[in-house]
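Me: I have a model open and want a quick walk through it. Can we start with the terms and then go element by element?

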Protein chains: 2
Amino acid sequence: MSLIVTGTIGIDTVHTPTGSAEDVPGGSCAYFAAAASCYTPTRLVAVVGEDWPEHHRAMLSGFSGIDLAGLETRSGSKTFRWGGRYLENLNDRETLFTDIGVLAEAPPAIPEAFQDSQVVFLANTHPAVQLGFLDHLPERRFTVADTMDLWINTAKDDLLKLLQAIDGVVINDSEALLLTGLRNPIDAARAIMDLGPGTVVVKKGEHGAVLASGSDLAVLPAYPADSQQVVDPTGCGDSFAGGMMGWLAARGRWDFAELQTAIAWGTVSASFTLGSFALDGLVDLDMSVLEQRMIDYQAAARVGELASIRS
Amino acid sequence: MSLIVTGTIGIDTVHTPTGSAEDVPGGSCAYFAAAASCYTPTRLVAVVGEDWPEHHRAMLSGFSGIDLAGLETRSGSKTFRWGGRYLENLNDRETLFTDIGVLAEAPPAIPEAFQDSQVVFLANTHPAVQLGFLDHLPERRFTVADTMDLWINTAKDDLLKLLQAIDGVVINDSEALLLTGLRNPIDAARAIMDLGPGTVVVKKGEHGAVLASGSDLAVLPAYPADSQQVVDPTGCGDSFAGGMMGWLAARGRWDFAELQTAIAWGTVSASFTLGSFALDGLVDLDMSVLEQRMIDYQAAARVGELASIRS
């Protein structure tokens, strides 16, 4: 089933306790599409400025599953730039700078050839922009959005309208708390469901994820990673969403069992992002590599058999 | 296989954001034994003072799987008392008072009839006392200990000696960090393994647990609990250990697959402790109730099938 993602492409500068990466490809849309394109062809809609480096374009073009027909390069505009520094715990980070650039202008158009998309992911951007995209996706059947603290604080009315119009939300635990006032992620997920979407995934970073859909609940640990395997958390949440939505679009259904499987694939995809700077961990991934990691993950996260205590 | 637990029995006063419980049965040994005794007969070794309330004794005696032959009531001594208050997040707590009482005196004796015990859990107390118990357990085959920040800070040499003498450790994430200086729980578990024990479980509270044994790793989420199901976290770690060790003793083996199953049972047992004040959630539990919750837990924590994306 056709998958489309809208969101940001940026030029990132990231500092971690063990290294730095300057002016590397980033943005919610890039991470999502790079992860999702392993599972299913992925249509990308985003806008960059004329300063967008040619080698960034080359890298993104290297993902054969991404259709870049919706990527606009706008003359006279500047690409979104973000810089951040992760603290020693690698779970918290501070933003060093944000040059919003072309994101302050009109959003990119959804090409006519993409307007029949059925599975839609609205990666993080202003909720009014997210909502506007939906007008051009009349055949959408399953629409999920991400958001962030900035929009919860500054554009809550638009965000509440968006929530009424979509089927699912993927959100960080800290953002779920900010939006609902509820610290317990299950409470928060249910409160967000009361605002509209039938499915909510609360991402807990190194602590895994919670999925609530209807009256069903699922919980997953993160892929077990020691400190050698934790290089750069940037984009892990978007890659998680990419793995999840890529799986659902490939399967063409989103019943609870499929959603539960999808968040496991999201976890697997995110583990590759985590292990390298920028998009590097997602380059040259294919389903056979993903499946091997899924097998390792299933082995590590197995919940015990219900063997008798007498056997 | 015979299971023995040594540790503390106390009189607890607990305040949570939603309620309080005063002078209720508590202590590491009580929570452990109450949980473990569902799986296998559990020998308890502890000492209380003459002030220990008769209804506390009646409650503990009500757990038919606990053998109280090693419970000493010492004349002229006072029972250990602890009071604590949980913060709004229910993950952090402050100690209001600690009256160490009889714990400052000679430890209880291990009855001769208990000295052939094969599976041993040294619940939290001074590591020199934990080590001393081992002299009276010559037939032990699998010995696991818990510890806490107090002993890491004040009795580290004794703790390091203990670690050389045992097979496994069950420890909180914050204590694992304190002991090793390593925040990543997998790194910390491996560093503790370098100090002696072949198996380490790092408990992450609401975020589940990590198991490291030899070169194997397992990760589990906590049982999914919304805020209505989180009443009193006191004793959850001890109940987790009780479920884990009870299972291992019942099965009579502790290979990695069995350890992985055991931490799932520990998670299930702890979920009952969490849902009520003091030991109340563990009263009248039996394997059929535990198995039903295990089935629910397995369903919620299922890691997706490895179905083809084309099927």
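Reply: Terms first. Two strands pair if DSSP finds at least two bridges between them. Strands (E, at least two residues) and helices (H or I, at least four) are DSSP runs, numbered from the N terminus. With that, strand 1 (residues 3-6) and strand 4 (residues 42-49) of chain A pair in the parallel sense over four bridges.

Me: Which residue of strand 4 of chain A is opposite A:Thr6?

Reply: A:Val45.

Me: What about provenance and numbering?

Reply: This is a predicted model: local features need pLDDT of at least 70, side-chain atom pairs count only at pLDDT 80 or more, and totals for chains, interfaces and linings use all residues. Residues are numbered from 1 along each chain as its sequence is written, while chains are lettered from A and ligands numbered from 1 in the order in which they are written.

Me: Back to the sheet. What is the strand order in chain A?

Reply: Nine strands form an open sheet, ordered 5-4-1-8-9-10-11-12-13, with mixed pairing. Strand 5 (66-74) and strand 13 (216-220) of chain A are at the edges with a single partner strand each, so one side of each has no neighbour in the sheet. On average, neighbouring strands are turned by 15 degrees against each other, direction ignored.

Me: Which strands does helix 7 of chain A touch?

Reply: Helix 7 (residues 185-194) of chain A packs on the sheet, touching strand 10 (168-172), strand 11 (199-203), strand 12 (209-213) and strand 13. Contact means C-beta atoms, placed from the backbone, within 7 Å. The helix direction makes about 40 degrees with that of strand 12 of chain A. Axes are lines fitted to C-alpha atoms, for helices over the stretch in contact, and angles run from 0 to 180 degrees between N-to-C directions.

Me: How many helices and strands in chain A overall?

Reply: 10 helices and 13 strands. The radius of gyration of chain A is 18 Å, close to the 19 Å of the globule rule for 311 residues, so chain A is as compact as a globular protein of that length. The radius is taken over C-alpha atoms; the rule is 2.2 Å times the number of residues to the power 0.38.

Me: Is A:Asp12 buried or exposed?

Reply: Buried, because A:Asp12 has 23 C-beta neighbours inside 10 Å. The cut-offs: 20 or more other C-beta atoms within 10 Å is buried, 12 or fewer is exposed, in between is partly exposed, with C-beta atoms placed from the backbone. A:Asp12 is in strand 2 (residues 10-16) of chain A. Not counting residues up to four places away in sequence, A:Asp12 touches A:Val24, A:Gly26, A:Trp82, A:Thr234 and A:Ala278.

Me: New topic. How many residues does each chain give to the contact?

Reply: 38 from chain A and 38 from chain B. Helix 10 of chain A gives the largest share of chain A's side, seven residues.

Technical notes
Contact = placed C-beta atoms within 7 Å.
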